[in-house]
Amino acid sequence: MKDVGKIRSSFPALKRKALNGKPVIYFDGPGASQMPNRVNRAYNDHVLYDKANAGGYFETSVNTTEEVGRARLALSMFMNCDEDEVVLGANATTSIFQFSRALSRNWTSEDEVVVTKLDHFANVSPWVEVAHDKNCKVTSIRFDLDTGKYNLEDFEKAITTKTKIVAVNYACNAIGTISPIKEITKIAHAKGAMVFVDAVHYAPHRLIDVKDLDCDFLVTSIYKYFGPHVSAVFAKKQHLQNFSPYKWNLHLILYQIVGKRVHLIFLQLQRFRVQSNTLLLCLIKVEQPEKIWKLHIIKSQNMKTNSANTF
Ligand SMILES: Cc1ncc(COP(=O)(O)O)c(C=O)c1O
């Protein structure tokens, strides 16, 4: 067991007391993670000493470029892809919107879009809006209300040779269901469709391996795993080569991302292979969570083998 006190003390937010005078516990996964001192220090150091646009020849700009490079390297390890397949941007919702617009430039009314009912609005509305603008058909895949899971046959039926994109989440932030992305990707690729995975809720809980999943795009939001509110998108190189975005971030001002030691946080996550339960337990040392005041553990028998915690 790690030193819980030491780990807690690196998160200033955990010093706060609840109304009953007890130390707070943040169980609200969908409501973001807290930021540890070292990330905040890294951010401040950069803003105070090295703030500059990347890509220039003066010292602070060179430092900024290097820091962005390190952050991308760390994120490529985090998702298991190449560094030039990491696209940094604003929050996940904005990035998905930008990708949806860039990818759909040549879509016509003959094309189709598949979204799912368990997905966060962030990975539904951009695709539905694009489909609306291009007069494309949209199919929304339902899930089984008893198990909280998708039925792969529904994907088989919904995805056709006209489907351009299948937008699906990796883990649902409402009920914790983990989607069978690898299988869904196989079905989509067999019909020539691309897969855009929302891994925002999954990323803080389990390891991501985009090579194994073989998905085309996958987005995470760094504020869900101890960082600032910016996103990292994995995009397959072959797609980026034909990519035509409306907005280029050539001189992306990434003060938030480039903090000097931010990348270590990602590397540590990778190294310790942190999973949600382990992380929660080591931060709050809850041995019998059901005894905590007002905490109700809702568990469905059917869902127990397939869940990323959600509170
Ligand atoms: C599963 C999921 N997808 C997308 C988002 C949106 O992320 P962002 O706030 O970075 O736009 C969230 C945020 O809670 C989420 O939980």
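## Packing of helices α4 and α5

In this predicted model, helix α4 (residues 92-103) and helix α5 (residues 125-134) have axes that come within 9 Å and cross at roughly 30°. Because angles under 35 degrees count as roughly parallel, α4 is roughly parallel to α5. The crossing in which α4 passes α5 is right-handed.

On the α4 side, the contact is made by Ile96, Phe97, Ser100 and Arg101. Helix α5 contributes Pro126, Trp127 and Val130. By class, the residues of this contact comprise five nonpolar, one polar and one charged.

## Surroundings of the ligand

The ligand is surrounded by 13 residues. The closest of them are Asn91, Ala92, Thr93, His120 and Ser221. Eight residues of the shell around the ligand are polar, four are nonpolar and one is charged.

## Confidence of the prediction

The protein has a mean pLDDT of 82, and 79% of its residues reach 70 or more. Over residues 258-307, however, the pLDDT is below 50. In the model this stretch has 72 contacts beyond near neighbours in sequence. Where pLDDT is low, the predicted coordinates should not be read in detail.

Terms used. Residues are numbered from 1 along each chain as its sequence is written. This is a predicted model: local features need pLDDT of at least 70, side-chain atom pairs count only at pLDDT 80 or more; totals for chains, interfaces and linings use all residues. A residue is near a molecule or strand if its C-beta atom, placed from the backbone, lies within 6 Å of it. Ala, Val, Leu, Ile, Met, Phe, Trp, Tyr, Cys and Pro count as nonpolar, Asp, Glu, Lys and Arg as charged, and the others, Gly among them, as polar. Axes are lines fitted to C-alpha atoms, for helices over the stretch in contact, and angles run from 0 to 180 degrees between N-to-C directions. Helices (H or I, at least four residues) and strands (E, at least two) are DSSP runs, numbered from the N terminus. Angles under 35 degrees count as roughly parallel, over 145 as roughly antiparallel, 65 to 115 as roughly perpendicular and the rest as oblique. A crossing is left-handed if the near helix is turned anticlockwise from the far one by less than a right angle, and right-handed if clockwise. Two residues are in contact if their C-beta atoms, placed from the backbone, lie within 7 Å. pLDDT is the predictor's confidence in each residue, from 0 to 100.
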